[in-house]
Each structure stands twice: as C-alpha cells, then as structure tokens.
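This briefing is meant for a reader meeting the structure for the first time. Please look over the sequence and the model before reading the points below.

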Amino acid sequence: MEKVLSAKKKSKELDRNPSIYSYQLHELENWLVENGEKKFRGKQIYDWLYTKRVTSFEDMSNLSKELRDKLAAHFVLTTLETAVQQTSSDGTMKFLFELHDGYTIETVLMRHEYGNSICVTTQVGCRIGCTFCASTLGGLKRNLEAGEIVAQVVKVQKALDEQGERVSHVVIMGIGEPFDNYDHMLGFLKIINSDEGLNIGARHITVSTSGIIPKIYDFADENMQINFAISLHSANTETRSRLMPINRAYKLPDLMEAVRYYVDKTGRRISFEYGLFGGVNDQVEHAEELAKLVKGIKCHINLIPVNYVPERDYVRTPREQIFAFERVLKDRGVNVTIRREQGHDIDAACGQLRAKERQEETR
Ligand code: SF4
C-alpha cells in the first residue's frame, strides 16, 4: 500500500497532471471524497475507463459537467498516441506509442492458443546495459508512470475490441527493467489485476527482472500470485557478466539466494529466461552448468533462441544445438521449454522497432 502511494507521490513530480489510469479504485474514491464528490462515482469512472474504454472525460455521460471538468483539470486521460501499428502474418501486433513528451515506447500483442498476451514496456530506454539488447543503446530516458503502463493495455484492448477479442495475459518484459521502476510497476500490477479494472488474473500476469536483488526480496514479501521470471542467460559468473553487466553489482550466488527466498516465501515456481547466443552460452557444458545451478529449486526454464541483433555481434544458435541443450536439461530432470518465436516479419525482438524509428528519425 505504502509503495503504491509513494508511486503517486512520484507522479506529482511530473511536469503535467497525473494519468487517471495510475489510480487504484480506492485511491480514486479517496480523491473524490476529498474533492467533495460521492465515493460511488469512483466505480462509475472505473466503468468508463476499463469497460467502456472512453477516450475523453466528456464522454462520461452519467457524471455531472462539474465533475467531468474537475477530472479534466486534475488528470490526463490520453497519455499515449499510436505512432505505428504493425501486424505480422502470425497475428502478432506491434505498437509504437508516442508519449506526451515525444518519447516512443513499444508494446507487443502475441497470439497463443491459450489467449492474447501483451508485452508491456515500463521505462523509456533502460540503464541495465545487457549487451544483447537494443533497448539499452540510448540509456534510460525516464520511468513510465503506472498509468502510462496501464494505458498500453487499454490501447491494445481497444484495438482488439474491433475483433471481439480480449487481452487475457500480460507479461512485463518489454523495454526497461521493471524492478528499476518498482513502485509504478507495482501500482500497474494492482490496477490491471483488480476486479473493477481490467480484471486480468494474477496467474495470467508475468513479471521479469534482470536481477535487482533487493527488489526480489520486496516482491517476495508482497506475496502476489503473479508469475515471476529471472533473466538468467548464463549459469557461469564470467559469461553472465559479459552478457549482463548487472551481474557485477548483483552477483550470481546472491541472486540464487534471493530466488530461493522467493520460492520459499511464496511457494510458487520461478521461471528462468535463458537466451541462447551462438557460441557464447549454448554448448552442452553450459546446459550442464545450468542444471547444476538450479538443482533443487522449484523452477521452469524458458529457452529463447535469440534473434540476430544488428547492433551487436551475437548470432543465432543452430536448431539441432537448441534441441541438444534442451535434452541435457531434460535428462537431468529440469523442467524446460523452448519459446515459440512470433512476429518474425515485424521486428519482434525487444527494442527493435523503437531502434529502427530512432534511426529513421536521425537520418
Ligand atoms: S534486456 Fe531488459 S533489462 Fe536488459 S538492457 Fe534490455 S530492457 Fe534492460
């Protein structure tokens, strides 16, 4: 609770009014009462925001003109404009949204047998510096407000409304390190999970971190039923530091201790994301090292055959080698799957669309 309030405090530091999408229902109700309005208006506003998905306070027709004006004077409703929308041959949709200050962010919608999954962005850029990632090339510009993350889901849901479909799953794996924007990320989780909001079940939400250890402990203590993933990418200290410089600040043994704390505290299984980089971390001995590292931990490993990143030197792992890697893990009793690739024809890897836009802008 305190954490969500402090997120709100941060929104006061914005150079504009806060997004109304940053407010949990009880916070909005408090604001209404403090401003001389009835508490029940909160549910009406939520209905306009999350069920009817209006784009203007003016459209909230069961509210008085006075209240609509008050809302418009205190909050912003439209925080994102769609700059580019692409649809892949497999149905994957990629959105480039422009923020009020001209920065752009990416959001991707993926189609699965189990539903429609949206991958949201939490920061403009990223300061973590993973050496395989295009999103970090320009550094961190700023954190997103909780409402700017919520608005990505609402915008994509509006696009799906036209097809009579629903966003059923959310993954926080887009641009940015979610735990580097922890309070706003937590506010976002609570809003999309609430029955009156977008009502996306906790077990349909996944958050992933590169390994900001103190926040892993905080997140474990929140005890939410949300799926949790660690971007691991190597079980070897030197190789992991080469791929992810954060490993020098938050070391692998300490990370694994935090992982064990999380699993003990929540009773939930944890996922490890493991990107396969040709010749770097994709050999049989690497799989053996990985199996040893996760031994005894209730976990699942997601193998991700990584796309070639134009700005970096990494190359794809050959198909047979991906299966050989998987086989080593399976033979050692490790729960493992290979991630299906989507949106191959529309710049689907994290940060690629934004990087391309930036290049075009600077030409
Ligand atoms: S992979 Fe994620 S944490 Fe790492 S630099 Fe890219 S956006 Fe940041």
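This is a predicted model: local features need pLDDT of at least 70, side-chain atom pairs count only at pLDDT 80 or more; totals for chains, interfaces and linings use all residues.

**Cysteines of the annotated site**
- Cysteine 126 lies in the loop between β5, which spans 123–125, and β6, which spans 140–143, and Cysteine 133 is found in the loop between β5 and β6 as well.
- Cysteine 126 counts as buried because 27 other C-beta atoms lie within 10 Å, where 20 or more are needed for that label.
- Cysteine 133 is also buried, since 24 other C-beta atoms lie within 10 Å.
- Leaving aside residues up to four places away in sequence, Cysteine 126 touches Ser135, Thr136, Leu140, Ile175, Gly176 and Glu177.

**Surroundings of the ligand**
- The residues that surround the ligand are Cys126, Ile128, Gly129, Cys130, Cys133, Ser135, Thr136, Ile175, Gly176, Glu177 and Ser210.

**The largest nonpolar core**
- The largest nonpolar core has 93 residues, of which Ile118, Val150, Val153, Val170, Phe188 and Ile192 touch the most other members.
- Domain 1 (2–74) and domain 2 (80–362) both give residues to this core, and therefore the core lies between them.
- Valine 150 touches Tyr21, Phe188, Ile191 and Ile192, when residues up to four places away in sequence are not counted.

Conventions
Residues are numbered from 1 along each chain as its sequence is written. Helices (H or I, at least four residues) and strands (E, at least two) are DSSP runs, numbered from the N terminus. A residue is buried if 20 or more other C-beta atoms lie within 10 Å of its own, exposed if 12 or fewer, and partly exposed in between; C-beta atoms are placed from the backbone. Two residues are in contact if their C-beta atoms, placed from the backbone, lie within 7 Å. A nonpolar core is a set of buried Ala, Val, Leu, Ile, Met, Phe, Trp, Tyr and Cys residues joined through C-beta atoms within 7 Å. Domain bounds come from an automatic or database domain assignment. A residue is near a molecule or strand if its C-beta atom, placed from the backbone, lies within 6 Å of it.
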